[in-house]
Amino acid sequence: MAVEGAARRVTRRRVRTRANLLDAAFAVFAAKGFGRVSIEEVCEAAGYSRGAFYSNFASLDELFFALYQQRADLIAQQVADALDLDGPDLDVPASVDRVTEVLLLDRDWLLVKTDFLVHAARDPAVARTLLEHRARLRRAIADRLARAQGHTALPAVLGDAGAAAHAVVAAYDGVTTQLLLDKDVEHARAWLKQLLTALLTDGSGNPE
C-alpha cells in the first residue's frame, strides 16, 4: 500500500509539473513569440529545472503540440456540445448562435498559433503533425453534420459533410486572422456568425 501511495503521489506531481510547464510556456510564447523562446526561459518561468522539462517533453515543438492538443480538444468539444443540443435534427441558425457564443477566441493563443504556423511552414515534419491536429477539429464538425444529414439539408455547393467542415474551419481561420489585427473580439464573433450562417444555410438564416 505504501508503494502504491508513493506512486500515486509521483504521478500527481508529474501531472502538476507538466501542467505548470504548459501554462508557463503559453505565457512566454504569447509575450515573446514561439521562435524567440528557449527551453531555459520556459523552465525559469515555471520554476523548474531543465531536467523537469526533459522528463515531460523532448523539445519545444513537442511542448507546443501538447498546448495545441489542449486547445484543439477544447474547441472541438465546444463545437460538439453546441451542435449536439439539437438531437438528430440540426437547427442551423440556433447552432451557429451557440457555437459563436462559446467558441474560444483567445488572442494570446492566436498569436502563439500563428508563430508556430510560420515555423511549421518551414519544416515539413512539423507541418504534417500540425495538419493532423487541425484535422481533428474538422472531423468533429463533419461527424456532427453527417449525423444531421437526412434531417437537415446543407447547401449543395458545399458537397458532403467533410467539405462543409473544411468551409467552417476556413471561416474560423479568416475571422481569427482579422482578430489578430483589430483586437475586436465582439466584432469577430458577429462576423463569424454571419459567415457560418451564409455557409450552412441559404443565407437567410433558415436551412434550405
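**View 1. Glutamate 41 is partly exposed, with a relative accessible area of 24%.** Buried means under 20% relative accessible area, exposed over 50%, and partly exposed in between (1.4 Å probe, protein chains only). The partner to find beside glutamate 41 is lysine 32: their side chains meet in a salt bridge, with 2.3 Å from N to O. A salt bridge is a side-chain nitrogen of Lys or Arg within 4 Å of a carboxyl oxygen of Asp or Glu. Lysine 32 is also partly exposed, at a relative accessible area of 39%. This pair is one of four salt bridges in the structure. As you explore, remember that this is a predicted model, where local features need pLDDT of at least 70, side-chain atom pairs count only at pLDDT 80 or more, and totals for chains, interfaces and linings use all residues. Residues are numbered from 1 along each chain as its sequence is written, and side-chain values use heavy atoms, with hydrogens and water left out.

**View 2. Step back for a moment, and the protein chain shows nine helices and zero strands.** Helices (H or I, at least four residues) and strands (E, at least two) are DSSP runs, numbered from the N terminus. Follow the chain from the N terminus, and its elements read α-α-α-α-α-α-α-α-α. How much of the protein chain is buried? Of its 208 residues, 42% are buried. Look also at which parts touch: among the contacts in the protein chain with a separation of 6 or more, 69% join residues 24 or more positions apart. Contact here means heavy atoms within 4.5 Å.

**View 3. Helix α8 (residues 161-182) packs with helix α9 (residues 185-200) at an angle of about 160°, their axes lying 9 Å apart.** That angle makes α8 roughly antiparallel to α9. Axes are fitted to C-alpha atoms, for helices over the stretch in contact, and angles run from 0 to 180 degrees between N-to-C directions; under 35 degrees is roughly parallel, over 145 roughly antiparallel, 65 to 115 roughly perpendicular and the rest oblique. The crossing of α8 and α9 is right-handed.

**View 4. Lysine 183 sits in the loop between α8 and α9.** Is lysine 183 buried or exposed? Its relative accessibility of 56% makes lysine 183 count as exposed. Check the backbone here too: phi of lysine 183 is near 60°, a positive value in a residue other than glycine.

**View 5. α5 and α9 pack at an angle of about 150°, with 9 Å between their axes.** α5 is therefore roughly antiparallel to α9. In α5, Val92, Val96, Asp97, Thr100, Glu101 and Val102 meet Arg189, Leu192, Lys193, Leu196, Thr197 and Leu200 in α9. Those residues divide into six nonpolar, two polar and four charged. For these classes, Ala, Val, Leu, Ile, Met, Phe, Trp, Tyr, Cys and Pro count as nonpolar, Asp, Glu, Lys and Arg as charged, and the others, Gly among them, as polar.

**View 6. Lysine 193 and aspartate 97 form a salt bridge, their closest N and O atoms 2.9 Å apart.** Lysine 193 belongs to helix α9 and aspartate 97 to helix α5 (residues 92-102), so this pair ties together parts that are 96 residues apart in sequence. Both partners are partly exposed: lysine 193 has a relative accessible area of 36%, and aspartate 97 has 27%.

**View 7. Valine 102 is found in helix α5.** With 42% relative accessibility, valine 102 counts as partly exposed. Which residues does valine 102 contact, leaving aside its neighbours within four places in sequence? They are Gln78 and Arg189. Its C-alpha atom is 8.3 Å from that of valine 79, a residue 23 residues away along the chain.

**View 8. The axes of helix α6 (residues 107-121) and α8 come within 10 Å and cross at roughly 105°.** α6 and α8 are therefore roughly perpendicular to each other. Here Arg107, Leu110, Leu111, Lys113 and Thr114 in α6 meet Tyr172, Asp173, Thr176, Leu179 and Leu180 in α8. The contact of α6 with α8 has five nonpolar, two polar and three charged residues.

**View 9. Arginine 134 forms a salt bridge with aspartate 173, with 2.7 Å between the closest N and O atoms.** This pair links distant parts of the chain, 39 residues apart: arginine 134 is in helix α7 (residues 124-148) and aspartate 173 in helix α8.

Notes
Left-handed = near helix turned anticlockwise from the far one by under 90°.
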